[in-house]
Amino acid sequence: MKVRPATKADIGDILGCVRRIKREYFEANNISQWEEGYPSREIFAADVEKKALYVMHMGEVLIGFGSFIAGTDPTYAEIEGAWLTEGDNYLVVHRLGINPDWHGMGMGTALMGLADKICEVKKIASIRVDTHEDNISMQKLLEKCGFTRCGIIHLENGDPRVAYEKVL
């Protein structure tokens, strides 16, 4: 298994994986997450430009992807609850996805381990992430990886998300 920074050439495979995740996981489990064209080619291209998007491969097969972004996220400015840390010395994990063929095999845990490594190298104090309240498997993954449920944040469109933080 290899994890590396994504390139623009990876975006097509990532979008194919996103379609499968939407169909085989979100729609199958009645989870209204990643709707209305999100995440888009443009969002992933911007993540590549920021050097924030990573891919996980086994040979030629895309296993997973995720965006690991250092710094302030405006949607995390207000929380119903409380973050474990203050300030903007945190890493945000967005758009984390695992190929449905690899669900339940520890690949999400392995990919989340990259966030810890990035924080170690960049001297970042914590990791923040949010997910849909119905995305129970993501919540279990976060708790398994040492995250604490901190409260509810709201996306730009007002949709609520369960917010987690892990202090390193």
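Student: Let's start with Phe68: buried or exposed?
Tutor: Phe68 is buried, with a relative accessible area of 4%. Buried means under 20% relative accessible area, exposed over 50%, and partly exposed in between, using a 1.4 Å probe and protein chains only.

Student: And where does this model come from?
Tutor: This is a predicted model, where local features need pLDDT of at least 70 and side-chain atom pairs count only at pLDDT 80 or more, while totals for chains, interfaces and linings use all residues. Residues are numbered from 1 along each chain as its sequence is written, and side-chain values use heavy atoms, leaving out hydrogens and water.

Student: Back to the rings, then. How many aromatic pairs are there?
Tutor: The count is 7 aromatic pairs. Rings of Phe, Tyr and Trp (its six-membered ring) pair if their centres lie within 6.5 Å; planes under 30 degrees apart are stacked, over 60 edge-to-face, and the rest tilted. In one of the pairs, Phe44 and Phe65 sit edge-to-face, at 5.7 Å centre to centre with 90 degrees between the planes.

Student: Which parts does that pair tie together?
Tutor: Phe44 is in helix H2 and Phe65 in strand S3, so the pair ties together parts that are 21 residues apart in sequence. Helices (H or I, at least four residues) and strands (E, at least two) are DSSP runs, numbered from the N terminus. Phe44 is buried at 0% relative accessible area, and Phe65 also counts as buried at 0%.

Student: Tell me about H2. Which of its residues are buried?
Tutor: In H2 (residues 41-49), the buried ones are Phe44, Ala45, Asp47 and Val48. Down the axis of H2, they fall within an arc of 160 degrees, so they line one face of the helix. The arc is taken from the directions from the helix axis to the C-beta atoms. On the other side of H2, Glu42 and Glu49 are exposed.

Student: New topic: what does the Lys166 side chain contact?
Tutor: Its side chain makes a polar contact with the side chain of Asp116, at 2.9 Å. A polar contact is a pair of N or O atoms within 3.5 Å; within protein, one must be able to donate a hydrogen and the other to accept it, and residues adjacent in sequence count only if both atoms are side-chain atoms. Lys166 lies in strand S8 (residues 160-167) and is buried, with a relative accessible area of 13%.
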